[in-house]
Amino acid sequence: LHAYSQLWLTPRVVDAGFEFHPGYGSSESGEVEGHRRHIEGLPHRDDPALLGLTAGADRSLRTAEAHGVLTAVLSVEPKGDSHEATREEADLEQVRALRATLPTAPDPGAVRLAMKALGARPLHVALRQEIEQMRRLLTAAGETLDGLERAMQGAIALTPQLADAMGSIRLAAVPAGWARASQMCSHGLGSWIAELRRRSEQLTKWLHGHRPACFWLGGLFNPQGLLAANRQEVCRGRLKEGWTLGDVVDDVRVLNVDEEDVRKPPEEGVYICGVHLEGGTWDRRLQQLDEPHPTETQAPLPVLHATAALRSAARGGRVASYACPCYANASRDRFLFEVELPSADEPAKWLMRGVAMIASVGKEDG
């Protein structure tokens, strides 16, 4: 709001010939009817650059709209036909195949033993919470598939919840209950399963003593929990300096290395990978924020280093940098942290464009 006010709420907007954007001038009429004619004469399809956005942002919007329309059309197809038996057989086969692709839910007893071997530390508390969330999700998904199989075999009645889940599976969509529990942004069932397996693999390796050298932050149910545990561990390491958890904030910076180049964790803090930049790109040569490629809506970032810094000494406020927010997913409903990104342009440019980091990028199937 502050950036919009500085840009548009100025005396120049009433100057003769002023344009907010080419083709979007101010009405010079003194009558209401004249203002109406001026508004009706504006382009019917707004140029995304009018609001500082890129063509990629416009393409993403229209793709999402088309996806919504197609999903709605497919969801209202007739549910019954002359080949009902054949369809039920196909459904049963699909449910069984899907069941086979799900990772195995963690065994609580085995998890307790493994956690005891790891020892007590803040990051391991975050790990235990992640594994419990994964166990609940996989158990719920397994129960849904088992219920569908039994219902199609005539052992139990097909409840509305099971019917809705089967309808989603037929459309290669993620059942609503699974999507809510996972908080993943994958648009198709295939990519959702693939991401779920990758999440499970990261947690399983960590549980068995192979702490990730570089954490896939978007693969966590509660990335804020990992960040909080990281701050706590940094404070413990700085105990002699008098650091306390209430005195520190996240301190994150972009490195010039890729995930494949990371061999071990940092001495302090954690490395983060898999983060993408939306609305811009990262110039690795100049180490600064830059214009995105025309066909790119989300650009991958190098590895980030997340540690903690005293609130009183935290970086920020530099004229030639943009305080870029990082969100858990593309819906931007869960804020994680800010990163000061050097830039040759004024921060207002990137702010108006809505440039942000995204930890978990949703993917399309196919």
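Guide: What follows is a conversation about confidence, strands, cores, cysteines and a few single residues.

Visitor: Before anything else, what kind of model is this, and how are things counted?

Guide: This is a predicted model, in which local features need pLDDT of at least 70 and side-chain atom pairs count only at pLDDT 80 or more, while totals for chains, interfaces and linings use all residues. Residues are numbered from 1 along each chain as its sequence is written, and side-chain values use heavy atoms, with hydrogens and water left out.

Visitor: What is the mean pLDDT of the protein?

Guide: The mean pLDDT is 87, and 90% of the residues reach 70 or more; pLDDT is the predictor's confidence in each residue, from 0 to 100.

Visitor: Which elements have the lowest and the highest mean pLDDT?

Guide: Helix 3 (residues 55–75) has the lowest, at 69, and strand 5 (residues 270–273) has the highest, at 97. Helices (H or I, at least four residues) and strands (E, at least two) are DSSP runs, numbered from the N terminus.

Visitor: Let's stay with strand 5, then. What does strand 5 pair with?

Guide: Strand 5 pairs with strand 10 (residues 304–310) in the antiparallel sense, over three bridges, and within that pairing Val270 stands opposite Ala306 of strand 10. Two strands are said to pair if DSSP finds at least two bridges between them.

Visitor: And which order do the strands of that sheet follow?

Guide: The order is 3-5-10-4, an open sheet of four strands with mixed pairing. Its edge strands are strand 3 (215–216) and strand 4 (248–254), each of which pairs on one side only.

Visitor: Moving on, why is strand 13 described as largely enclosed?

Guide: Strand 13 (residues 356–360) is largely enclosed by the rest of the structure because five of its five residues are buried. Buried means under 20% relative accessible area, exposed means over 50%, and partly exposed is in between, using a 1.4 Å probe and protein chains only.

Visitor: Which strands does strand 13 pair with?

Guide: Strand 6 (residues 276–278) runs antiparallel to strand 13 and is joined to it by three bridges, with Ile358 as the bridge partner of His276. Strand 11 (residues 321–329) pairs with strand 13 in the parallel sense, also over three bridges, and there Met357 is the bridge partner of Cys326.

Visitor: How many residues does the largest nonpolar core have?

Guide: The largest nonpolar core has 59 residues, and those with the most contacts inside it are Trp192, Ile272, Phe337, Leu341 and Met357. Helix 6 (residues 122–152) gives the largest share of this core, 10 residues. A second, separate core of seven residues includes Cys214, Val262, Tyr271 and Cys273. Such a core is a set of buried Ala, Val, Leu, Ile, Met, Phe, Trp, Tyr and Cys residues joined through side-chain atoms within 4.5 Å.

Visitor: What does Leu341 touch?

Guide: Leaving out residues up to four places away in sequence, Leu341 touches several residues, among them Val254, Trp282, Cys324 and Met357; contact here means heavy atoms within 4.5 Å.

Visitor: Now a change of topic: where is Ser200?

Guide: Ser200 lies in helix 9 (residues 189–207), and at 11% relative accessibility Ser200 counts as buried. Beyond its neighbours within four places in sequence, Ser200 is in contact with Pro103 and Met134. The C-alpha atoms of Ser200 and Arg135 are separated by 9.6 Å, although the two residues are 65 apart along the chain.

Visitor: And what about the phi of Gln183?

Guide: Phi of Gln183 is near 60 degrees, a positive value in a residue other than glycine. Gln183 is found in the loop between helix 8 (176–182) and helix 9, and counts as partly exposed at 35% relative accessibility.

Visitor: Where is Arg332 found?

Guide: Arg332 is found in the loop between strand 11 and strand 12 (335–342). The phi of Arg332 is near 60 degrees, a positive value in a residue other than glycine, and at 30% relative accessibility Arg332 counts as partly exposed.
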